[in-house]
Amino acid sequence: MDNDLKEPTDARRRGPDEGPALEVRNLVKAYGTRRVLDGVSFSVGRGELFGLLGTNGAGKTTTVEILQGLRRADGGWVRVLGLDPQAAGDGLRRLIGSQLQDAALPDRMRVCEALDLFASLHPAPRPLDELIDEWELGHLRRRFFSTLSGGERQRLFVAIALVGRPQLVFLDELTQNLDPVGRRRTWEVVRQVRDSGTTVVLVTHDVEEAERVCDRLVVLDRGRVVAEGAPASIVAALGGETVVRFTDTALDVRRLRRLPGVRRVERRGPEVSVVGTGPLLAHVGAHLVAAGRPPDDLSAHQPSLEDRFLSLTEETS
Amino acid sequence: MAAVHRPGREATRPQLGDGLRHVARLTGLELKLLLREPMVAVGLIGFPLVTVLVLGGVFGSVPDPDFGGVAPADHYLAGYLGVVMAAMGLITLPVHIATHRELGVLRRFRASGVTSSSIVISEIAVGAALATAASCVVLATGTAVYGFRAPEDPLAVVGWYAAGMGCFIAVGCALGSVLATSRAANAVGNLVFVPMFLLGGGGPPRAVMTGVMGPVSDALPLSHVVGGLRQSWLGQTDDPHQLWWPLLVAGAALAASSWLNRRRVA
């Protein structure tokens with residue numbers, strides 16, 4: 001790849017099996033005049049379950065394609081398992097597994113043929129029967145790819161990604177065609193893959209998925225990293241405010257402002273919102289009971305990663 | 001979904017044997033995929049077979065000066081080995097490769113470490129195997145209907161067959177590299193194949209071509225492949241048969257497809 005940056009000194013001292021699984025520094029890529037990656041930097045430790053979260057068009061897929069050596073960057077420095085993806089090429093791609101968005105198999109290829117073909121790329125692939133059981137593909141062995149449902153295709157792709165015992169696996173929009181039950185089961189298996197020692201990079205626009213599954217993540221927006229860290233720490237950056245809501249048409253809300261932790265009180269018609277920190281729900285509930293006006297619909301809303309994600313992506317739009 | 005694997009240090013550097021095993025697996029599978037497509041059998045076997053039987057039947061088995069002094073049935077039968085290769089190289093192969101690209105199959109292959117050379121080798125092997133099988137069916141059926149005429153120079157027939165195969169497989173790979181969708185590959189393939197078939201030895205004999213048809217025919221690689229096959233099989237022909245011409249086309253097509261494949265990574 002073209003390098004705007006020299007190889008960092010710390011990276012030069014490492015052996016191929018040392019250091020982070022992924023290192024990305026100041027990655028830049030443009031398609032024509034449109035800059036899709038604008039100085040993206042992050043690193044992923046070995047054995048981590050890492051998320052690349054962003055809206056459509058944020059630059060996630062381009063980043064992954066560069067990391068896999070499928071696309072050249074215009075600038076920046078990248079190492080995957082200690083190797084330069086452009087220089088290592090197919091040798092590196094055999095060490096990593098990938099489930100790609102928008103990549104299919106021939107319509108008339110059978111499930112067992114696909115697994116057998118991709119297993120033949122590796123000197124010591126996983127036993128196919130084991131993989132077939134793990135991803136519940138047994139009853140689909142003889143089925144053509146074109147006859148599989150979206151969820152069945154995703155399971156096949158993940159099985160293909162894992163067939164070569166990869167050290168690092170990219171899973172791009174893994175659960176987009178799965179029903180809620182399938183999603184949860186897939187998340188569980190992704191955690192198991194991580195627990196077995198494989199580094200997992202989960203590329204997703206699904207905030208819930210990133211929050212529930214990933215140890216750590218970066219949020220990409222318009223080709224830039226706008227947040228990085230554990231999901232909880234990204235949420236904490238919002239300030240950790242809680243919103244307590246209830247309905248009361250006659251309550252004097254000025255007294256609520258004097259409760260501990262309350263920052264502001266808003267009334268929209270009959271709905272009252274109390275914003276603040278600490279055990280806000282307990283204080284507001286106790287106050288309403290003491291006032292003899294306990295509401296039926298008292299609820300508290302904790303800030304979520306989705307709130308943070310929306311605020312981050314709206315800030316830049 | 002149960003317990004998962006441990007990532008392996010077992011995944012050591014692949015050896016040459018592993019590479020060959022994979023290419024063999026890929027080639028076998030690609031062959032199966034093509035045989036599962038009914039249109040491949042129609043285009044590669046059905047069309048040349050029906051045409052050669054009709055033309056042989058219409059013009060007969062009596063030596064004719066318009067056909068360079070040989071029997072029209074023999075003229076068409078010998079030349080149609082080239083027509084089968086052209087159908088494979090101009091339509092079957094590019095449509096197959098473009099379909100792979102359109103569906104994201106090539107992307108899937110590359111992301112998994114399937115090398116470009118494995119893909120090219122398997123396409124060459126599949127193209128050669130399919131065209132040879134189709135040629136055998138056409139020859140066997142034509143011989144059963146019109147009788148067998150032994151080749152005058154069997155080694156030269158093999159040489160011209162190999163040159164033609166190389167030419168049209170290279171053109172097929174180049175078209176497959178350029179054309180992004182199966183519809184485009186089908187349209188362009190037919191647009192190139194039909195006039196090449198009519199003026200390149202599959203249609204009227206060289207002696208009855210008028211106006212610009214003769215010079216156009218001389219420029220087509222199929223004319224030279226068909227001419228070479230007829231010359232070596234029947235001992236005489238009016239068709240052009242310069243060996244360097246199909247080889248030059250093959251070289252240009254290979255260079256073009258290699259350049260295009262390198263550009264796709266950017």
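**Figure 1. Polar contacts between chain B and chain A.** In this predicted model, 12 residue pairs, both at pLDDT 80 or more, are in polar contact between chain B and chain A; a polar contact is a pair of N or O atoms within 3.5 Å, where within protein one must be able to donate a hydrogen and the other to accept it, and residues adjacent in sequence count only if both atoms are side-chain atoms. On chain B, the elements giving two or more residues to the side that touches chain A are α1 (16-35), α3 (72-103) and α4 (105-111) (helices are DSSP runs of H or I, at least four residues, and strands runs of E, at least two, numbered from the N terminus). The largest share, eight residues, belongs to α1(B).

**Figure 2. The salt bridge of A:E65 and B:R107.** These two side chains meet at 2.4 Å, N to O. Five salt bridges are counted between chain B and chain A, each a side-chain nitrogen of Lys or Arg within 4 Å of a carboxyl oxygen of Asp or Glu.

**Figure 3. The strands paired with β1(A).** Strand β1 (residues 22-31) of chain A pairs antiparallel with β4 (residues 75-80) of chain A over five bridges, pairing requiring at least two DSSP bridges. Here A:L22 stands opposite A:V80. Eight bridges join β1(A) to the antiparallel β2 (residues 34-44) of chain A, with A:Y31 partnering A:R34. In this hairpin, which has two residues between the strands, A:G32 takes a positive phi near 65 degrees.

Residues are numbered from 1 along each chain as its sequence is written, and chains are lettered from A in the order in which they are written. In this predicted model local features need pLDDT of at least 70 and side-chain atom pairs pLDDT 80 or more, whereas totals for chains, interfaces and linings use all residues; side-chain values use heavy atoms, without hydrogens and water.
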